[in-house]
Amino acid sequence: MASIMIVEDSQSLALVYQSYLKQEGYRVSHHASGKSALAALDRQVPDLMLLDLKLPDMDGQSILEFVAEQKLNVAVVVITAHGSLENAIEAMRLGARDFLLKPVSKARLLVTVENTLRLSELGALVESLHQTFVVESFEGLIGKSLPMQQIYRIIESAATSKATVFITGESGTGKELCAQALHQRSPRSKAPFVAINCAAIPRELMESEIFGHVKGAFTGAVTHREGAAEQAQGGTLFLDELCEMDLDLQSKLLRFLQTGQFSRVGSGKLQTADVRIVCATNRDPLTEVGAGRFREDLYYRLHVIPLVLPPLRDRGDDVLLIADALLVKICAEEQRRFSGFSAEVQVWMRQYLWPGNVRELENVLRNVAVLHDGDLVELSMLPDIQARFERAFAEPEIDISHHRVSRQAQPGSGDGWLPNSVEAVNAYEVYERCLIEHVVELHQGKVGEAAKKLGLNPSTLYRKIKQWKGQDEHQLLV
């Protein structure tokens, strides 16, 4: 049971309180002076303190101040006969959890003690969970938003396995950083991490990059060369933009994944490599499979642990955390003295949709640091603000060929029908709004997910919702 310290100069009241509390199984100690109570707090901190404000040697508020200054983990309930609104406010300001007036009934005392202890336990649990689960940075990744907390948990769980991790996400979301975090948290962290960008290497050289070649294997192969699979021995091989890989090479990669064996280009000798494969793409791999550009068997062999990185626009205030970290790094490299961002820039960074994600954010800050200097980054320093917003909020290109209808067709004719009256157009706009609001509600207010379901650009949906909100507010004013 919890330990309770009674600080009360009245011996008779202290005995009564002790009697009540001991009957409930609490461990109780009593101190009749402030000096004795402070000495006891130095030795051991109880779970709860019942504190009288009027003590023979000092004011009880001095003990509250001591508890606050020392940041002692003890819940304090003030009990006094000198009750006033000012005393209660001051006691609460100093950290008291509750304020009771003498005389205190047994029922009131026990309920107050039980509730205070329960709230303390809940507070400790919340703090523990916060310390355990809310992480602002993780192996080079920055962000404390819920989507990133989920990413950290997946990385932590998957790191110790040899299972293949398939990372997807928009360009600039940090897929290679994610792969490096997996490597650093794995038992392979002391072995090499080798990254290959499949989109940056010519197709005819890709096999050699991964598996190596022997001298004379092709024009220009003047020496033997180790491929990435050999270089990453015992470590991690990261294949970025995997969907760019040629179909013929995909079959060889599949065989390597299944057997751990490969042969250098121009050699029939089989070699073995122990590597953990992590791959990434900014495309939808299932769409690539459906289009015949990516082998289905390779997809299912690689798609063991999927990890979807969220775009920056869905990460809330993470953009400010990342911007702060990038600004420090860039200013050190460019020898600039920026120490932060103006309030206007912070608002702009939250509102802008960042289609290029973290890569675009870094480029913007690099531009500012190269061309300007000062204490704070100001809105006027940001490059092409208006153009960026126009690009971010641009209407998506939609193929409407299968929606084309005849202006002469009438409802019920069996052909398409194009509304040719203001009333019909208004009815369509109402239907569109109802549909969109219904889909957003189904996705619990997540506009990005709703936009994907509707086949719209998220920026289009954000703009429509903002427009409707403005119309509603105007109608209320009218």
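Predicted model: local features only at pLDDT ≥ 70, side-chain atom pairs only at ≥ 80, totals over all residues.
Residues are numbered from 1 along each chain as its sequence is written, and side-chain values use heavy atoms, with hydrogens and water left out.

**View A. The cis peptide bond from K102 to P103.** The bond that joins K102 to P103 has an omega near -5°, and P103 itself is placed in the loop between β5 (98–101) and α5 (106–133). Helices (H or I, at least four residues) and strands (E, at least two) are DSSP runs, numbered from the N terminus.

**View B. E139 and its positive phi.** E139, a residue other than glycine, has a phi near 50° and is found in the loop between β6 (137–138) and β7 (141–142). Its relative accessible area of 33% makes E139 partly exposed, a class that lies between buried (under 20%) and exposed (over 50%), as computed with a 1.4 Å probe on protein chains only.

**View C. E241 and its positive phi.** Phi of E241 is likewise near 50°, and this residue sits in the loop between β10 (236–240) and α10 (247–259). With a relative accessibility of 13%, E241 counts as buried.

**View D. E360 and the backbone nitrogen of G356.** E360 lies in helix α15 (residues 357–371) and, at 11% relative accessibility, counts as buried. The side chain of E360 reaches the backbone nitrogen of G356 at 2.8 Å.

Conventions: Polar contact = N/O pair within 3.5 Å; in protein donor to acceptor, adjacent residues only side chain to side chain.
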